[in-house]
Amino acid sequence: IGLLSKLFTPQEDRETAPDAGPNRRRFVQFATAGAGLAVVGGGLSRVIPTSASAEASREAAAAETVSTVSLDKMKPLPAGYQLDNPGIVSYVTPNEDFYRIDTALTVPRLDATTWELRIHGMVEKEIVINYQDLLDRPIIERMVTLTCVSNEIGGSLVGNAKWQGARLSDLLKEAAPSADADMVMSRSSDGMEIGSPLAALVDGRDAMLAFKMNDEVLPFEHGFPVRMVVPGLYGYVSATKWVVELEVTRFDQQTAYWTDRGWGVEGPIKTANRIDTPKSFQQIPAGKFAIGGVAWAQHTGISKVEVQIDDGEWQEAKTSTEASIDTWRQWSYVWDAAPGQHTIRSRATDANGEVQTDAVQGVLPDGATGYDSRVVTVN
């Protein structure tokens, strides 16, 4: 699976906390029982590796609770974070609707009771932690929008979710990287290798090893038991699912799979937006129509979105209240639509005042650019 996975497009994503008591003990007992059940399967367990134990360990993890003492909860979402425009996607993307870029022929099903993460390489101290170690650490809860570098202008390979996990910066600080290290090579259980800029993992952003997604234990499809989430970087350099290894190294000493094939090295996300409503070639009635969509510039933030009808002046749209610079913002513009065929364009400006470029570029080597547009007919 590790070798075959590389035929696919890029993958997209100690201080001990107080003892949580019976819940943690039940997790170990239940999951261990599940592992025993997998052994009984004999030949079947060799055809479907660790399937029964993985299912049991995920069910046990779902009953697990994180100590409120160790949990840094996200701030409540502000009023106006979601606009009253039914044509725009929800601010929070449901797990079942969140985009997937798989790197294996079959989704890995790891057993949380045997999962380990090894941190090594150019560090003073090698670290190995298990799933229970991770849950016992200080945990953060944050909304983060993830984007695939393969997302075309107007595409759907972007989603926003609430994540819970342990800070990567804390673990890396404990390992103490060498002063001249500048890259972390993460490896998943299926053999995929992804190179991340070390600086982006330790610069204070909410980069984490996540084990929950939208208040649920990670689905297998999204990396159970543990995946990486790094605001501001495309998934192919950050969002490693089923992660089992972090090697601290240098970009001039090692290269990752996708960068060997012409993709950019560091992968910062570019400012972009998408028109959700109207759809391309949609027919709409004359009169007031609420154009709308989402815009993102993760870890920088969006300051405004503008709409252009045909070759007219750019008009500023209403934007939702910013919940975080690491998430997208919704936008809406009420258009007084006149009969005929019209072209609608949209552009976003980031929090630094930089307007997204209108230069059209494909996804290679480091993400698509250009304005999203729709042609519609007004009756």
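Okay, let's start with a definition: a residue is buried if its relative accessible area is under 20%, exposed if it is over 50%, and partly exposed in between, using a 1.4 Å probe and protein chains only. By that rule Thr 321, with 34% relative accessibility, counts as partly exposed.

Some housekeeping. This is a predicted model, where local features need pLDDT of at least 70 and side-chain atom pairs count only at pLDDT 80 or more, while totals for chains, interfaces and linings use all residues. Residues are numbered from 1 along each chain as its sequence is written, and side-chain values use heavy atoms, with hydrogens and water left out.

Now the overview. The chain has 6 helices and 20 strands; these are DSSP runs numbered from the N terminus, with helices being H or I over at least four residues and strands being E over at least two. There are 379 residues, and 54% of them are buried. The accessible surface is about 16,100 Å², with 51% of that belonging to carbon and sulfur atoms; those areas come from the Shrake-Rupley method with a 1.4 Å probe, and for residues only the protein chains shown count as cover.

Back to Thr 321. Where is Thr 321? Look in the loop between β17 (318-319) and β18 (329-337). Leaving out residues up to four places away in sequence, Thr 321 touches Pro 78, Ala 79, Gly 80, Tyr 81 and Arg 329, where contact means heavy atoms within 4.5 Å. A polar atom of the Thr 321 side chain lies 2.8 Å from the backbone oxygen of Ala 79. And Gln 82 is 239 residues away along the chain from Thr 321, yet their C-alpha atoms are separated by 7.5 Å.

Next stop, strand β15, residues 302-309. Of its 8 residues, 6 are buried, so β15 is largely enclosed by the rest of the structure. Which strands does β15 pair with? One is β19, residues 340-350, which runs antiparallel to β15 and is joined to it by 7 bridges; pairing here takes at least two bridges found by DSSP. Val 305, for example, has Ala 348 in β19 as its bridge partner. Another is β16, residues 315-316, also antiparallel, with 2 bridges to β15. There, Glu 306 stands opposite Glu 316.

β15 and β16 form a hairpin with 5 residues between the strands, and that's where Asp 310 takes a positive phi near 55 degrees. Asp 310 isn't a glycine, and still its phi is positive. Asp 310 is partly exposed, at 27% relative accessible area.

Ala 176 is another residue other than glycine with a positive phi, near 60 degrees. You'll find Ala 176 in the loop between α5 (168-175) and β6 (183-188).

While we're on the backbone, here are the cis peptide bonds. One runs from Thr 277 to Pro 278, with omega near 5 degrees, and Pro 278 is in the loop between β12 (272-277) and β13 (283-284). Leu 364 and Pro 365 are also joined by a cis bond, omega about 5 degrees, and Pro 365 is in the loop between β19 and β20 (372-378).

Last one: helix α3, residues 51-62. Its 12 residues reach 17 Å from first C-alpha to last, close to the 16 Å expected at 1.5 Å a residue; the expected span is 1.5 Å times one less than the number of residues. Buried or exposed: which are Ser 53, Ala 54, Ala 56, Ser 57, Ala 60 and Ala 61 in α3? They are buried. They cover an arc of only 165 degrees around the axis, which puts them on the same side of α3, the arc being that of the directions from the helix axis to the C-beta atoms.

How values were computed. Polar contact = N/O pair within 3.5 Å; in protein donor to acceptor, adjacent residues only side chain to side chain.
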